[in-house]
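Student: I have a new structure to look at and would like to go through it with you. Could you help me read it step by step?

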Amino acid sequence: MKVRAEEIKRKILHIFSGSLVPGAIFYLTVYGNLIPGLPTIGPGWMWPLLLCAVAAIGFIVVEVIRQKVPAVQAIFHKSCGYMLREEEKKEWTGATWIAASAFICVAAFAAKPHITAMVMSTFIWGDAVAALVGQSIGKIKIGKKSLEGSLACFVLCLLMYIFLFPLVPHLLDAWNGKVPLLIALIASAATTVMELFPFKFGKTTINDNLTVPVLTGVIIVILYPLVG
């Protein structure tokens, strides 16, 4: 099966944001108060929290306006509609849910910005790889997704936890420079399973862009004192 060019562009954008956003959250939290000219507004996590709040509110405002004003909807579709999935033409886009998820993660893991950085980046990268692999070579279907895509997601997340994150400067200083193997395995599995089977509240499916990073972070916070 051939992957649509639009989907490739969409995932490239996801991968870019999956590197930039988590990195900015972590380094602003740790070093924001040391940046010359940047006013100190409280603990280090306040700047990422403020910026994520502004981004989330901005995305939500655009979503509400475009759903209610046909002219704005037309402009939105003309400028970036080629990257939208069919359901996103009538519902919120994944970017809006990611912005909301980033805000919740920064608030929930304020004292642990490395966790926010890890769960955000593994989900965004893992989701992108799952979609590309699933649409290109996926044959064993699980609902709307594929086993091959999910395996790709799991493997990539695991490699990021074990090999990539220890190389990121100062990211794992609080963990002596490495992610415990059990946490890497469980967090990777959690991300994969929750991406494959989104949560439902009654008949409403909760967007996985919102739930997966937050819940994976909660799992890591619970596990680390036990195995760290």
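Student: Let's begin with two side chains, Tyr161 and Phe165: are they buried or exposed?

Tutor: In this predicted model, Tyr161 is buried, and Phe165 is buried as well.

Student: And how are the rings of Tyr161 and Phe165 placed, edge-to-face or stacked?

Tutor: The ring centres of Tyr161 and Phe165 are 5.4 Å apart and the planes lie at 75 degrees, so this pair is edge-to-face.

Student: What about Trp175 and Tyr224, how do their rings sit?

Tutor: The centres of the rings of Trp175 and Tyr224 are 4.3 Å apart with the planes at 5 degrees, so that pair counts as stacked. Because Trp175 lies in the loop between helix H6 (147-164) and helix H7 (181-196), while Tyr224 belongs to helix H8 (residues 208-227), the pair ties together parts that are 49 residues apart in sequence.

Student: Why does Trp175 count as buried?

Tutor: The relative accessibility of Trp175 is 5%, and buried means under 20% relative accessible area, so Trp175 falls in that class.

Student: How many aromatic pairs does the whole structure have?

Tutor: A search of the whole structure gives five aromatic pairs. There is also an aromatic cluster, formed by Phe26, Tyr27 and Tyr31.

Student: What span should H8 have, and what does the model give?

Tutor: With 20 residues at 1.5 Å a residue, H8 should span 28 Å, and the C-alpha atoms at its ends are 27 Å apart, which agrees.

Student: And H5, how far does that reach?

Tutor: H5 has 25 residues and reaches 36 Å from its first C-alpha to its last, close to the 36 Å expected at 1.5 Å a residue. H5 is also mostly covered, as 18 of its 25 residues are buried.

Student: Which residues line the largest cavity?

Tutor: The largest cavity is lined by Ile25, Thr29, Trp45, Val106, Phe109, Ala110, Pro113 and Thr116. By class, six of these lining residues are nonpolar, two are polar and none is charged, and H1 and H5 each supply at least two residues of the lining.

Student: How much space lies in the second largest pocket?

Tutor: About 700 Å³ of space lies in the second largest pocket, whose lining has 33 residues, with Ser17, Phe59, Ala95, Thr96 and Ile98 nearest its centre. The lining of that pocket comprises 22 nonpolar, six polar and five charged residues.

Student: Which helix gives the most to the lining of the second largest pocket?

Tutor: H2 gives the most, with nine residues, and helix H1 (5-31), helix H2 (46-68), helix H3 (70-80), helix H4 (94-108) and helix H5 (113-137) each supply at least two residues of that lining.

Technical notes:
Residues numbered from 1 in each chain as written. Predicted model: local features only at pLDDT ≥ 70, side-chain atom pairs only at ≥ 80, totals over all residues. Heavy atoms only, no water. 1 Å grid on protein atoms, 1.4 Å probe; cavity = no way out; pocket = protein on both sides within 12 Å on 5 of 7 lines; lining within 4 Å. Points joined across faces, edges and corners; volume = space filled by probe spheres on them. Helix = DSSP H or I, 4+ residues; strand = E, 2+ residues; numbered from the N terminus. Nonpolar A, V, L, I, M, F, W, Y, C, P; charged D, E, K, R; others polar. Expected span 1.5 Å × (residues − 1). Buried < 20%, exposed > 50% of the residue type's maximum accessible area, 1.4 Å probe, protein only. Phe/Tyr/Trp six-rings, centres within 6.5 Å; stacked < 30°, edge-to-face > 60°.
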